[in-house]
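Please look over the following chain and its metal ions before reading the report. The notes after it go through selected local features one by one.

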Amino acid sequence: MTPRRTAPRKTAQDRLPGDLTADELVARMIRVDHAGEYGAARIYAGQLAVLGRSPCASAIAEMAEQEEKHLANFEALIVERRVRPTLLTPVWHAAGFALGAASALLGERAAMACTVAVEEVISDHYANQAMRLGDDEADLRATIEEFRADEIGHRDIGLEHAAQEMPGYRPFTSAIKAGTRLAIWLSERI
Ligand SMILES: [Fe+2]
Ligand SMILES: [Fe+2]
């Protein structure tokens, strides 16, 4: 017996009446990912403004460079797919930098704990998106999977730099995770 080929999966194929269409879903994904990468780039810029001469500066600079690459990619997708960017960009401009600088002012471990918290939420978010995209969006799915691997690498850099030794690591990272999830929720909708 010849094995049955599984039919290609389509984006939003299980949608119910009232759910977002595939186009709406994809536009929402590009909008929030663009916002997220923008925010991430600002966080690392804020950290570098404070820790630019510290021993962990090169690790932060490396992550910042990758976020700029991710951001450029989503900026191109915003144009190509005619997606309206979030209206909250000016908020993420200020809040991202402030979070980066404030965590860095608490010390290198706190800066790295901030990285662990943010990158963990973002990598889960990307995993969730990749799961929802069908074979009709294979390119976008591949981009998201590639960036997710980078974000996991960033989290690991944080862990390697003793993030967990920061006093108050648990409440600190829980608060940042909650803020990141709220930022994701808002950027999908506004
Ligand atoms: Fe990123
Ligand atoms: Fe990242």
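## Leu186 and its surroundings

Apart from its neighbours within four places in sequence, Leu186 is in contact with Leu88 and Trp92, where contact means heavy atoms within 4.5 Å. Leu186 lies in helix H6, residues 169–189; helices (H or I, at least four residues) and strands (E, at least two) are DSSP runs, numbered from the N terminus. With a relative accessibility of 23%, Leu186 counts as partly exposed, given that buried means under 20% relative accessible area, exposed over 50%, and partly exposed in between, with a 1.4 Å probe and protein chains only. Leu186 and Gly100 are 86 residues apart along the chain, and their C-alpha atoms are separated by 20 Å.

## Basis of the description

This is a predicted model, in which local features need pLDDT of at least 70 and side-chain atom pairs count only at pLDDT 80 or more, whereas totals for chains, interfaces and linings use all residues. Residues are numbered from 1 along each chain as its sequence is written, chains are lettered from A and ligands numbered from 1 in the order in which they are written, and side-chain values use heavy atoms, with hydrogens and water left out.

Donors are N, O and S atoms within 2.8 Å of the metal (3.2 Å for Na, K and Ca), and water is not among the atoms, so sites may look incomplete.

Distant parts of the chain are linked here, with Glu37 in helix H1 (residues 22–51) and Glu151 in helix H5, 114 residues apart. Glu37 is buried, at a relative accessible area of 1%, and Glu151 also counts as buried, at 0% relative accessibility.

Glu67 lies in helix H2 (residues 57–80) and Glu119 in helix H4, so the pair ties together parts that are 52 residues apart in sequence.

How far apart are the iron ion (ligand 1) and the iron ion (ligand 2), and which residue bridges them? They lie 3.7 Å apart, and the bridging residue is Glu67. Glu67 counts as buried at 0% relative accessibility, and Glu119 counts as buried at 1%.

## Helices H3 and H4

Helix H3 (residues 89–105) and helix H4 (residues 108–132) pack with their axes 6 Å apart, at an angle of about 140°. Axes are lines fitted to C-alpha atoms, for helices over the stretch in contact, and angles run from 0 to 180 degrees between N-to-C directions. H3 and H4 are therefore oblique to each other; angles under 35 degrees count as roughly parallel, over 145 as roughly antiparallel, 65 to 115 as roughly perpendicular, and the rest as oblique.

On the H3 side the contact is made by Leu99, Ser103 and Ala104, and on the H4 side by Ala110, Ala111, Cys114 and Val118. These residues divide into 6 nonpolar, 1 polar and no charged, where Ala, Val, Leu, Ile, Met, Phe, Trp, Tyr, Cys and Pro count as nonpolar, Asp, Glu, Lys and Arg as charged, and the others, Gly among them, as polar.

## Cysteines

A disulfide is a pair of cysteine sulfur atoms within 2.5 Å, and by this rule the count comes to 0. Cys56 is in no disulfide, and its nearest cysteine sulfur, that of Cys114, is 12 Å away. Cys56 counts as buried at 1% relative accessibility, and Cys114 counts as buried at 0%.

## Other positions

Ala12, in the segment before H1, has a phi near 60°, a positive value in a residue other than glycine, and counts as buried at 18% relative accessibility. Ala162, in the loop between H5 and H6, has a positive phi of about 60° although it is not a glycine, and counts as buried at 19% relative accessibility.

Asp139 lies in helix H5, residues 138–160, and counts as exposed at 66% relative accessibility. Asp139 and Leu105 are 34 residues apart in sequence and, C-alpha to C-alpha, 39 Å apart in space.
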